[in-house]
Amino acid sequence: MDKQIEPEKFNKQCTTILSKFVDAQDELVWERNGLNKVTFTCKNRKNPIISGGLYLLCVTGSSLLIHCDLTYIEPDRNASVERKFAFQGISLQFYHGADFCFCRAEWDVKDKPDKLEHPQPHWHWGEKKGMSTKGTDAAKEEFEFVIEENPMAIVRMPNINFSELHYAMSSKWMEKGENILSFSFQNLTKWMENALVMVIDQYNYQVNKKGFVSVRR
């Protein structure tokens, strides 16, 4: 499995996909964190939305927010001139308001499988650990969030019935008991775009059923 890549090259591909769906008038850029294990997080250059230390992207024409990061392992600094990073995974996190992460779409690429080999790619449902939801029924309540750089910019959130959202699954696990899709960067970019479209459409449909229009382009 070839998972060697130049981060700048692949990050640019991911920027192209994200730009189809999020507000990017002031340019999307990637902020790097870490040394050996490197995480790149996508943000707006001029007016980033920050909550709980995370950068969030606002879906165009929607109250839905997205956090996206890409993880790599940096090669030894004594390696050849054409040093490529080993891709480790991607995480797409979907937020209703800046504090409530209601699902994550992730694809991890590991050298050694865990004792229980997790499906790849896969979903996580429910509140992300460490995020407050402002009450036990926060998923159904209407609440507000504040953009930290502009405390006056208060965004009122619509009511969403999260139990009504539908999430696609690959059929291979049903047919053959297989739950791991062969990794390739082509598969990854297709999966990334389809995951974004599915969650955005499901969310937007709950907000405006009669006037719903898919974001697929």
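Student: How many residues has the largest nonpolar core, and which of them have the most contacts inside it?

Tutor: The model under discussion is a predicted one. Its largest nonpolar core has 48 residues. Those with the most contacts inside this core are Leu-18, Phe-87, Phe-94, Phe-102, Met-192 and Leu-196. Two or more residues come from each of these elements: helix 1, strand 2, strand 3 (37-44), strand 6 (64-73), strand 7, strand 8 and helix 3 (185-207). Helix 3 gives the most, namely eleven residues.

To place these elements, one may turn to the chain as a whole. The protein chain has three helices and eleven strands, and their order along the sequence is β-α-β-β-β-β-β-β-β-β-β-β-α-α. Of its 217 residues, 45% are buried. Among contacts between residues at least 6 apart in sequence, 57% join residues at least 24 apart. The chain exposes about 12500 Å², and carbon and sulfur atoms supply 51% of that area.

Apart from neighbours within four places in sequence, Leu-196 is in contact with Ile-17, Leu-18, Phe-21, Ile-66, Leu-92 and Phe-94. Two of these partners, Leu-18 and Phe-94, are also listed with Leu-196 among the residues with the most contacts inside the core. A second, separate core has eight residues, including Leu-56, Tyr-95, Ala-98 and Cys-101.

Aromatic rings deserve attention next. The whole structure contains 16 aromatic pairs. One of them is formed by Phe-102 and Tyr-203: the ring centres are 6.1 Å apart and the planes meet at 15°, so this pair is stacked. Phe-102 belongs to strand 8 and Tyr-203 to helix 3, and the pair therefore links parts of the chain 101 residues apart. Both partners are buried, Phe-102 with a relative accessible area of 5% and Tyr-203 with one of 0%. Phe-183 and Phe-185 form a pair of another geometry, since their ring centres lie 5.2 Å apart with the planes at 75°, so that the pair is edge-to-face. Phe-183 and Phe-185 are likewise buried. Ring pairs also link Phe-183 and Phe-185 into a cluster with Phe-10, Phe-40, Tyr-72, Phe-85, Phe-87, Trp-107 and Trp-191.

Asn-11, in helix 1, has a relative accessible area of 5%, so it counts as buried. Beyond its neighbours within four places in sequence, Asn-11 is in contact with Trp-30, Phe-40, Leu-70 and Tyr-72; of these, Phe-40 and Tyr-72 belong to the cluster. Gln-88 lies in strand 7 (residues 85-96) and is also buried, at 18% relative accessible area, because the limit for that class is under 20%. Residues up to four places away in sequence aside, Gln-88 touches Lys-3, Thr-71, Tyr-72, Ile-73, Trp-107, Asp-108 and Val-109.

The cysteines complete the view of the interior. Cys-42 is buried, at 0% relative accessibility. The closest cysteine sulfur to that of Cys-42 belongs to Cys-68, at 6.2 Å, which is too far for a bond. The structure as a whole holds zero disulfides.

Glu-27 lies in the loop between helix 1 (7-18) and strand 2 (28-33). Glu-27 has a positive phi of about 80°, although it is not a glycine, and its relative accessibility of 42% makes it partly exposed. Glu-164, in the loop between strand 11 (150-156) and helix 2 (172-176), is partly exposed as well, at 39%. Apart from neighbours within four places in sequence, Glu-164 is in contact with Gln-202 and Gln-206. Glu-164 and Gln-202 are 38 residues apart along the chain, and their C-alpha atoms are separated by 8.5 Å. Finally, Pro-121 occupies the loop between strand 8 (101-108) and strand 9 (122-125); the peptide bond joining Gln-120 to Pro-121 is cis, with omega at about -10°.

Definitions and conventions
Residues numbered from 1 in each chain as written. Predicted model: local features only at pLDDT ≥ 70, side-chain atom pairs only at ≥ 80, totals over all residues. Heavy atoms only, no water. Helix = DSSP H or I, 4+ residues; strand = E, 2+ residues; numbered from the N terminus. Buried < 20%, exposed > 50% of the residue type's maximum accessible area, 1.4 Å probe, protein only. Contact = heavy atoms within 4.5 Å. Areas by Shrake-Rupley, 256 points an atom, 1.4 Å probe, with all protein chains shown as cover. Core = buried A, V, L, I, M, F, W, Y, C linked by side-chain atoms within 4.5 Å. Disulfide = S-S within 2.5 Å. Phe/Tyr/Trp six-rings, centres within 6.5 Å; stacked < 30°, edge-to-face > 60°.
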